Amino acid sequence: MKNYYQPEIETMPHEQLQALQSERLVKQVQFVYDNVEFYRAKMDEAGVKPQDIQSIDDLHKLPFITKDDLRDQYPYGLLGVPLSECVRIQSTSGTTGRRVVAFYTQEDIDVWEECCARAIVAVGGSKEDVCHVCYGYGLFTGGPGLNGGSHKVGCLTLPMSSGNTERQLQFMTDLGATILCCTPSYAANLGEAVSERGLKDQLKLKAGIFGAEPWTEEMRHNIEQSLGIKAYDIYGLTEISGPGVSFECEEQAGMHIQEDHFIAEIIDPKTGEVLPEGEIGELVFTCITKKAFPLLRYRTRDLCRLSRKPCSCGRTHVRMMKPKGRSDDMMVVKGVNVWPSQIEAVLLKQGFQANYQIVVDRVGNNDTIEVQVELTPEMAQDTSITIPQREKKIVTGLKSMLGIKVEVSVVEPKTIERSEGKAVRVIDKRHLYQ
């Protein structure tokens, strides 16, 4: 039995879906041109008028939008409707500069929650389930998005927010949570806590919906083992709406993009050229239904590829593969491109958990990179392998993966600070962009 929230949309024939996208794109471009001065100036500068956009085939004519544009227009410069029609804002966690603030009409929220409902149903969720949401609430989109989607489905919703692991475990076991929604790093922490307390046989969890930060297939496997679930990926950005822009189905083979609301492109991050299907490049999104904060050709900086290969789940919407990394978060160390996910894959393959930090520095004119990783409790008790031996093995694995030597420090369990939201994996002391 297939699990769909809106089957007529999720299984819509490709040609019909493209026609719907074209119709909505044409209307959205005219709407944005008429209502957002920033877009009007941007399009005029590029020599593009709304009438030049007749279908999705003309999408490439529109100029790109970047996060810098969003920050420059903070707070109201990209509003597409009067402020009186907006009912909510959400904001990025932004570490530098101005935050990005996204506005929502009630219709925008309804669409967003429907997208999250599709994701919950895709992993087997129904009104019979107990959905345990421990993404952060407040300005962060994770909690509100999955909370609203859970309500749409009719699940009993536990709005736990992040943190307070003891309380999370109490409610999870006492109320019989069946679907867990949080960041993958926090899911790993919960799995670790479940193991320490011997609670696995008291869990009723069957599925987890994890996103908001990069994670590897090795980490997926570890989470599934520790919590006894199937772990599914979900993707979104505050700028676009939040989680639910795309989601994994039961096949766990890429995330279906909600193409009735978002048009996806893959471009060369250096030239901006649209790349053929299957090639890895930067993911670009165009919102074709959002009104309060409409974005056209928004550069996400996420690097991935798209696939229209038929999915056995029956959904016809294009799939995006798990992002390889980010074009702006990628580290260049000793002239080599390094993604944290590459380092994580080596660590998990050698049996470590996802409790690590990467410290990059520059001494004189030379880059240094160090990985600090915790022993698991089992490793700490195993005296047959010394810490220097473990460090040497990791160094060898990283050299094979990256082509450069990485310093490795294996530390005792519980040494590295735990994350209750997005994990801080990289500490770059070089300050290259200041």
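**A residue-level introduction to the chain**

Good morning. I begin with Arg-301, which is partly exposed, with a relative accessible area of 27%. On this scale, buried means under 20% relative accessible area, exposed means over 50%, and partly exposed is in between, with a 1.4 Å probe and protein chains only. The model is a predicted one, in which local features need pLDDT of at least 70 and side-chain atom pairs count only at pLDDT 80 or more, while totals for chains, interfaces and linings use all residues. Residues are numbered from 1 along each chain as its sequence is written, and side-chain values use heavy atoms, with hydrogens and water left out.

Let me stay with Arg-301. Arg-301 belongs to strand β12, residues 298-304; helices (H or I, at least four residues) and strands (E, at least two) are DSSP runs numbered from the N terminus. The phi angle of Arg-301 is near 75 degrees, a positive value in a residue other than glycine. Which residues does Arg-301 contact, leaving aside neighbours within four places in sequence? They are Thr-66, Glu-282, Leu-283, Gly-325, Arg-326, Ser-327 and Asp-328, where contact means heavy atoms within 4.5 Å. Gln-350, in turn, stands 49 residues from Arg-301 along the chain, and their C-alpha atoms are separated by 30 Å.

A positive phi is also found at Ser-161, at about 65 degrees, although Ser-161 is not a glycine. Ser-161 sits in the loop between β4 (156-159) and α7 (165-174). Its relative accessible area is 22%, so Ser-161 counts as partly exposed.

Another backbone feature concerns a proline. The peptide bond from Tyr-74 to Pro-75 is cis, with omega near -5 degrees. Pro-75 is placed in the loop between α4 (67-72) and β1 (88-91).

I turn now to the chain as a whole. How many helices and strands does the chain have? There are twelve helices and 21 strands. For 434 residues, a compact globule would have a radius of gyration near 22 Å, and the chain, at 22 Å, agrees with that. The radius is taken over C-alpha atoms, and the globule rule is 2.2 Å times the number of residues to the power 0.38. Along the principal axes, the C-alpha atoms fill a box of roughly 70 × 60 × 40 Å. Of the 434 residues, 54% are buried.

As for the surface, the accessible area of the chain is about 19,100 Å², and carbon and sulfur atoms account for 49% of it. Accessible areas come from the Shrake-Rupley method with a 1.4 Å probe, and for residues only the protein chains shown count as cover. The chain carries 50 positive and 60 negative side chains, and the centres of the two sets are 2 Å apart. Lys and Arg count as positive and Asp and Glu as negative, without His and the chain ends; the charge is placed at NZ of Lys, CZ of Arg, CG of Asp or CD of Glu.

Two further residues deserve a look. Val-373 lies in strand β19, residues 366-374, and is buried at 0% relative accessibility. Beyond the neighbours within four places in sequence, its contacts include Leu-347, Phe-352, Tyr-356, Ile-394, Val-411 and Ile-416. Thr-396 is 23 residues away from Val-373 along the chain, with 15 Å between the two C-alpha atoms.

Ile-56 occupies the loop between α3 (37-46) and α4. Is Ile-56 buried or exposed? Ile-56 is buried, with a relative accessible area of 18%. Not counting residues up to four places away in sequence, Ile-56 touches Gln-18, Gln-21, Ser-22, Leu-25 and Ile-263.

I close with the cysteines. A disulfide is a pair of cysteine sulfur atoms within 2.5 Å, and by this rule the count is zero. Cys-313 is in no disulfide either, and the nearest cysteine sulfur, that of Cys-311, is 3.5 Å away. Cys-155 is buried at 7% relative accessible area, and Cys-313 is buried at 1%.
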